[in-house]
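Please keep the sequence and the model in view as you read.

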Amino acid sequence: MEFKSFAFYLFSLILVAAALRVVTARNPVHSALFLVLSFVTASGLWMLLEAEFLAITLVLVYVGAVMVLFLFVVMMLDINLDRLREGYWDYLVPALVVALVMLGEMAVIVWGRTFGLESMPTPAPKEATYSNTRELGRLIYTDYVYPFELAAVLLLVAIVAAIALTLRRRKDSKYQDPARQVLVRREDRVRLVSMPAEKPPVAATQEAESRP
C-alpha cells in the first residue's frame, strides 16, 4: 500500500470517528473540539487531493475563526445539560436514515465498479506552474457562476432570517428615534432665564444677619 493511500484511510477513519463524537458527546465543549478535529482532518484529505487552497481556507476560516467563536459562545452560555439531553433519542430514527443514505453514497463512490459504474478517471499530473487557486477562481466565475451566486443569495437570506428570529425588542431598553430627533426645536429643549449676576449688597447683608 502506498503512503498516500495509507494516509487517506487513516485520515478518513479519524474523520468518521471525530464526526461521531461530535454527535454523541454530551458536553457541548467536547463536541466543538471534536468538530475542530474533523475540520483539520478534512483539510488533510484535501491536501492529499492537491487542493491546498481549500485545505488552508478550511483551517484558517473554520478552525481559526468560526470554531473559536463557537467555543466562546458555548463556554459563556449557561447551558442546562439535563434539559439538553431531553428528547435525545427522539431523533435517532431520522439520524439513522440520513446516515444510511450518506453511507450508501460513499459506497457508490468507493466501490463503483461493484455496482457497475465507471470509475473516475485518474487526473493527469500537473505542471510546476499550476495554481489550483487560479483554477478554482476561473471555474467559480465562469462555469459555476450561477450556482455560486445562488449560494450567496441563500447565505444572505439565512443571515437575515437568523437576525429576524433572534431579534427581541426589550421594553426597558433605551433607544433613539432619528425621525423624532430631526424634528426637535431649540425652544422645546432650551429655556433662557434672565436673572441678576450677583445679589444686591442690602440683600446679602440681611441674609448674613439672618443666619444663626
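Arg138 is partly exposed, at a relative accessible area of 41%. Buried means under 20% relative accessible area, exposed over 50%, and partly exposed in between (1.4 Å probe, protein chains only). This is a predicted model: local features need pLDDT of at least 70, side-chain atom pairs count only at pLDDT 80 or more, and totals for chains, interfaces and linings use all residues. Residues are numbered from 1 along each chain as its sequence is written, and side-chain values use heavy atoms, with hydrogens and water left out.

**Salt bridge**
- Arg138 forms a salt bridge with Glu135, and their closest N and O atoms are 2.5 Å apart.
- The term requires a side-chain nitrogen of Lys or Arg within 4 Å of a carboxyl oxygen of Asp or Glu.
- A search of the whole structure finds one salt bridge.
- Both residues lie in helix 6 (residues 132-140), three residues apart, about one turn of the helix.
- Helices are DSSP runs (H or I, at least four residues), numbered from the N terminus.
- Glu135 is partly exposed, at 25% relative accessibility.

**Aromatic pairs**
- The structure holds three aromatic pairs.
- Rings of Phe, Tyr and Trp (its six-membered ring) pair if their centres lie within 6.5 Å; planes under 30 degrees apart count as stacked, over 60 as edge-to-face and the rest as tilted.
- One of them joins Phe39 and Tyr62: it is tilted, 5.3 Å centre to centre, with 50° between the planes.
- This pair links distant parts of the chain, with Phe39 in helix 2 and Tyr62 in helix 3, 23 residues apart.
- Phe39 is buried at 18% relative accessibility, while Tyr62 is partly exposed at 40%.
- Tyr141 and Phe148 form an edge-to-face pair, because their planes are at 65°, with ring centres 5.5 Å apart.
- Tyr141 is exposed at 55% relative accessibility; Phe148 is partly exposed at 35%.

**Nonpolar core**
- The largest nonpolar core has eight residues: Ala32, Val36, Phe39, Ala42, Leu58, Val63, Met67 and Leu71.
- Such a core is a set of buried Ala, Val, Leu, Ile, Met, Phe, Trp, Tyr and Cys residues joined through side-chain atoms within 4.5 Å.
- Helix 2 (28-48) and helix 3 (52-76) are the elements that give two or more residues to this core.
- Val63 touches Val36, Phe39, Val40, Leu58 and Val68, not counting residues up to four places away in sequence; contact means heavy atoms within 4.5 Å.
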